[in-house]
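Where do charged side chains pair up in a protein, and which parts of the chain do such pairs join? Keep these questions in mind while looking at the structure.

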Amino acid sequence: MQTIIPQSGSSDDSAGAKIASDAIVPHMKILVIEDDLEAAAYMTKAFREAGIVADHASDGESGLFMGTENSYDVMVIDRMLPRRDGLSVISELRKRGVNAPVLILSALGQVDDRVTGLRAGGDDYLPKPYAFSELLARVEVLGRRKGTPEQDMAYRVGDLELDRLSHEVKRAGKEILLQPREFRLLEYLMKNAGQVVTRTMLLENVWDYHFDPQTNVIDVHVSRLRSKIEKDFDKPLLKTIRGAGYMIKDEG
């Protein structure tokens, strides 16, 4: 396993954590599943200095138990773990109805590796080595909640319905189960139904990124969402606008 160390050019990563702590969601609680004890000790100490409650599990089975039995705002899960690998942990958590956002850590950083991680149910993917300040920022993004309620509590496009209060999605009366990130993606698309939604808009409003992470995370989630809301239905609703972005629209 690869020990986490601040990247060169970051003179004091722990100082960066303290600076960033002002933006951290109050009372955030996270679970770190990491078998490298040195890396885990560094991470949990830095998280706590940033005002985050951080629990630690050193293997996949223990992490699965803690993630199922406790409530966390975010989980940080190493991909290669003893007893049960990280992707298996994520898949099983999702099957058990645990929807806390997951950030995957891995020394495997190729595009195919990231796609596999996202398809397993991860919400973000950070290759090793990395600076703690970036990890902290990504955890903050995953844990952030929108502060101001919007007026519309439900959206409808054709026979597709989304209820923001109950977090239910139905098409033609049939319930569709979505992961939290997929729900936010669909919610934003339906809020802007009939309009082109650019990749930048999605990064800022669905992922809370104000920079391009240089991954195909949007493509992966859009593809997964499209398969769920259009499978077994005759009429497509979610369109890719080449060179521009995406649009959800009922053609009538």
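The text below goes through some of the salt bridges of this structure.

This is a predicted model, in which local features need pLDDT of at least 70 and side-chain atom pairs count only at pLDDT 80 or more, while totals for chains, interfaces and linings use all residues. Residues are numbered from 1 along each chain as its sequence is written, and side-chain values use heavy atoms, with hydrogens and water left out.

A salt bridge here is a side-chain nitrogen of Lys or Arg within 4 Å of a carboxyl oxygen of Asp or Glu. The whole structure holds 18 of these salt bridges.

One of them joins Arg83 to Asp59, with the closest N and O atoms 3.2 Å apart. Arg83 lies in the loop between strand 3 (74-78) and helix 4 (86-95), and Asp59 in the loop between strand 2 (53-57) and helix 3 (60-69), so the pair ties together parts that are 24 residues apart in sequence. Helices (H or I, at least four residues) and strands (E, at least two) are DSSP runs, numbered from the N terminus.

How accessible are the two partners? Buried means under 20% relative accessible area, exposed over 50%, and partly exposed in between (1.4 Å probe, protein chains only). Arg83 is exposed at 63%, whereas Asp59 is buried at 10%.

A second example sits within helix 6 (residues 132-143), where Glu134 and Arg138 are four residues apart, about one helical turn. Their closest N and O atoms are 2.9 Å apart. Glu134 is partly exposed at 27%, and Arg138 is buried at 8%.

Finally, Glu34, Asp78 and Lys128 are linked in a network of salt bridges.
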